[in-house]
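User: Hi! Could you walk me through this one?
Analyst: Happy to. Here it is.

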Amino acid sequence: MARDERMQIQQCNWQVVNCTAPANYFHCLRRQIHCDFCKSLIVVSPKNLLHHKHCVLDIDEMGT
């Protein structure tokens, strides 16, 4: 992604994320809930990662 495009996204009221693990998805949703000023959350990761049997984490990894 070009620098101009990144700057444009950062200045908008959007939060674009690419979650590669269940913990990433969890923390993105948690941040949306606890944020004083919430931006629109755009998740661009494929949904099949959430259902894939090898894409799992221990509960200890969710807290880090």
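User: Where does V44 lie?
Analyst: V44 is in the loop that runs between β2 (40-43) and α3 (48-51). Keep in mind that this is a predicted model.

User: And is V44 buried, partly exposed or exposed?
Analyst: V44 has a relative accessible area of 49%. Exposed would take over 50%, so V44 counts as partly exposed.

User: Which residues form a nonpolar patch on the surface?
Analyst: The patch is formed by W14, V16, I42 and V44. Together they have about 340 Å² of accessible area.

User: Let's go to β1. What about Q15, buried or exposed?
Analyst: Q15, which sits in strand β1 (residues 14-17), is buried. The cut-off for buried is under 20%, and the relative accessible area of Q15 is 15%.

User: Which residues is Q15 in contact with, leaving aside its neighbours within four places in sequence?
Analyst: Q15 is in contact with R31, Q32, K39, S40, L41 and I42. One of these, Q32, is a buried residue of α2, while I42 belongs to the nonpolar surface patch.

User: How far apart are K39 and C12?
Analyst: In sequence they are 27 residues apart, and in space K39 and C12 are 8.6 Å apart, taken C-alpha to C-alpha.

User: What about contacts across the protein, how many join residues at least 24 apart?
Analyst: The share is 74%, counted among contacts between residues at least 6 apart in sequence.

User: Switching to α2: which residues are buried there?
Analyst: In α2, the buried ones are A23, H27, C28 and Q32.

User: What span should α2 have, and how far apart are its end C-alpha atoms?
Analyst: Helix α2 covers residues 22-34, so its 13 residues at 1.5 Å a residue should span 18 Å. The end C-alpha atoms of α2 are 18 Å apart, which agrees.

User: Nice. Now the overall fold: how many helices and strands are there?
Analyst: The protein has 4 helices and 2 strands. Along the sequence they come in the pattern α-β-α-β-α-α.

User: Last one: what do buried residues make up, and what does the accessible surface come to?
Analyst: Of the 64 residues in the protein, 17% are buried. The accessible surface comes to about 5500 Å², with 54% of that belonging to carbon and sulfur atoms.

Note on methods:
Residues are numbered from 1 along each chain as its sequence is written. This is a predicted model: local features need pLDDT of at least 70, side-chain atom pairs count only at pLDDT 80 or more; totals for chains, interfaces and linings use all residues. Side-chain values use heavy atoms; hydrogens and water are left out. The expected span of a helix is 1.5 Å times one less than its number of residues. Buried means under 20% relative accessible area, exposed over 50%, partly exposed in between (1.4 Å probe, protein chains only). Patches are made of residues with over 30% relative accessible area and no salt bridge: like charges are joined within 9 Å, nonpolar side chains (Val, Leu, Ile, Met, Phe, Trp, Tyr) within 5 Å. Accessible areas come from the Shrake-Rupley method with a 1.4 Å probe; for residues, only the protein chains shown count as cover. A salt bridge is a side-chain nitrogen of Lys or Arg within 4 Å of a carboxyl oxygen of Asp or Glu. Contact means heavy atoms within 4.5 Å.
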